[in-house]
Amino acid sequence: MSRLVVISNRVAPIREGKVAAGGLAVGVYDALRQNGGIWFGWNGEVGQNPETACESAGNITYVTLGLSKPDYNEYYRGFSNATLWPIFHYRIDLARYSRAEYLGYRRVNAMLAEKLKPLLRPDDILWVHDYHLIPFAAACRQLGIGNRIGFFLHIPFPTTEVLTTVPPHRDLFQTLCDYDLIGFQTESDRMAFQDYVCRELDGLIGTDGSLTACGRNFRAGVYPIGVMPDEIRRLADSYRGRRPMIGRTAEGKLRKTLISVDRLDYSKGLVERFLAYEQLLEHYPEHRRNVELIQIAPTSRTDVKTYQAIRKQLETVAGHVNGRLADLDWMPLHYLNKSLERRTLMGLFRTANVGLVTPLRDGMNLVAKEYVAAQNPADPGVLVLSRFAGAAHELGAALIVNPYDCLGMAEAMDRALRMPLEERKERYEDMMRALRAADLDAWRDNFLRDLRTFGRHRVVTASCATV
């Protein structure tokens, strides 16, 4: 069988032959372990003389390289995270564009393709991940690489009207046509992409569902990323009996808990969530002293100004809620800027009565799926889920909310805290059926099957002009 070559912005760290936990890392690692192959990408280091390192573990070869400071600033910190990330999450107001950063983004993608080319065999299959590497296939084609190349977007794909706010949108997004298969989290993402191809690239939809644009014939499909429910349940079971950080009421009863876990990011709706929780305690005073919210939000991209701003804003709001409502023996909101070990997280999910997953926009959000999978089937908690998370397309038995409606979220929290056992079990069982039908193995296997099936990259007669 042909080798699999995975290209991602970051390569998961190796610890005693194991990769870090997480959806992308676990799914990719298992695929590589089955077929053998290469995992290629940035090692996270920035320096004056970046080097390429090669390390093997079993039948997997990890090839990582560093970035120079200009490459980091333009490719990663600049165009990827100051332009594409906010635009793809519908935050046009936070996006900025620099032509120099866009050129740096294209330059780094071309450099990565050049570094990878000598490592490839003719029958290798390439699987490229996420928005950092949109033009990677085009850079490969320019080098004469004719292998099958697939691309999976982990974040949302915005509507045409939003996408066209990126000044070089046509020059950039026509490069997606150089992939054989493009995967999205949801049908709405795929439809938004198809609309863009037809309206902006004069593309055509074939009778077989394939797309033709820019001289290329390619496919787009929906492959919702999943979790490994049985593994999560085992982790949660191993934490049984522990109730970390949970206080007791004056009557000695354990307080009910709500939990949220998010990377510290403006797309996650943390400010709105804190304000909704405050409204819960205001409009439903019977919950005061009887509930606690645990918010775990590890920091990221600390050198980007918008992330510095959201952290300050959250600290202010958290301080406001606790300063206004807390008592000597009760803190309503626990706000932690740190990562926790995965087993501890699954244990917290198991013990929490309510899981709050309320992003303003998210490609999938695996926390929603992990929370459900971690529950005790005999006494499950309730998931409160944003309609703007990709997971809402599959987990319709959650309490679906609009994260821009703080009072509506407060009402959903109240309903979740009061929900009777039979309803909680019915909703849990419905969501578990969805998790098992589209688990992590299904995501990986379905994408790679379709990439292998569709055939080699095919050239047709149409063409796109480069802006």
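Me: Which residues does Phe-157 touch, not counting residues up to four places away in sequence?

Reply: Bearing in mind that this is a predicted model, Phe-157 touches Phe-88, Tyr-90, Leu-163, Leu-176, Phe-184, Asp-189, Ala-192, Phe-193 and Tyr-196, with residues up to four places away in sequence left out of the list.

Me: And which residues have the most contacts inside the largest nonpolar core?

Reply: That core has 61 residues, and those with the most contacts inside it are Phe-88, Ile-134, Phe-136, Phe-157 and Phe-193. Its largest share, eight residues, is supplied by helix 2, which covers residues 69-88. Another core, of 57 residues, lies apart from it and includes Ala-31, Trp-39, Ile-60 and Val-372.

Me: Switching to strand 7, how many of its residues are buried?

Reply: Five of the five residues in strand 7, which spans 125-129, are buried. Both faces are covered, with Ile-125, Trp-127 and His-129 on one side and Leu-126 and Val-128 on the other.

Me: OK, Arg-190 next. Is that buried or exposed?

Reply: Arg-190, which sits in helix 7 (residues 187-200), counts as buried because its relative accessible area is 16%, and the cut-off for buried is under 20%. Its side chain makes a polar contact of 2.8 Å with the side chain of Gln-194. Leaving aside neighbours within four places in sequence, Arg-190 is in contact with Phe-184, Ala-220, Gly-221 and Val-222.

Me: How many disulfides does the structure hold?

Reply: The structure holds zero disulfides. Cys-140, for instance, is in none, and the nearest cysteine sulfur, that of Cys-177, is 16 Å away. For Cys-198, which is likewise in no disulfide, the nearest cysteine sulfur is that of Cys-177, at 10 Å.

Me: Where do Cys-140 and Cys-198 stand on burial, buried or partly exposed?

Reply: Cys-140 is buried, with a relative accessible area of 0%, whereas Cys-198 counts as partly exposed at 28% relative accessibility.

Me: Last topic: why is helix 11 described as largely enclosed by the rest of the structure?

Reply: Helix 11 (residues 342-351) is largely enclosed because seven of its ten residues are buried. Those buried residues are Leu-345, Met-346, Gly-347, Leu-348, Phe-349, Arg-350 and Thr-351.

Me: What do the buried residues of helix 11 pack against?

Reply: They pack against helix 8 (229-238), strand 13 (256-261), strand 14 (291-296) and helix 12 (366-373). At the start of helix 11, a side-chain oxygen of Glu-341 also reaches to within 3.0 Å of the backbone nitrogen of Arg-343.

Key:
Residues are numbered from 1 along each chain as its sequence is written. This is a predicted model: local features need pLDDT of at least 70, side-chain atom pairs count only at pLDDT 80 or more; totals for chains, interfaces and linings use all residues. Side-chain values use heavy atoms; hydrogens and water are left out. Buried means under 20% relative accessible area, exposed over 50%, partly exposed in between (1.4 Å probe, protein chains only). Helices (H or I, at least four residues) and strands (E, at least two) are DSSP runs, numbered from the N terminus. A nonpolar core is a set of buried Ala, Val, Leu, Ile, Met, Phe, Trp, Tyr and Cys residues joined through side-chain atoms within 4.5 Å. Contact means heavy atoms within 4.5 Å. A polar contact is a pair of N or O atoms within 3.5 Å; within protein, one must be able to donate a hydrogen and the other to accept it, and residues adjacent in sequence count only if both atoms are side-chain atoms. A disulfide is a pair of cysteine sulfur atoms within 2.5 Å.
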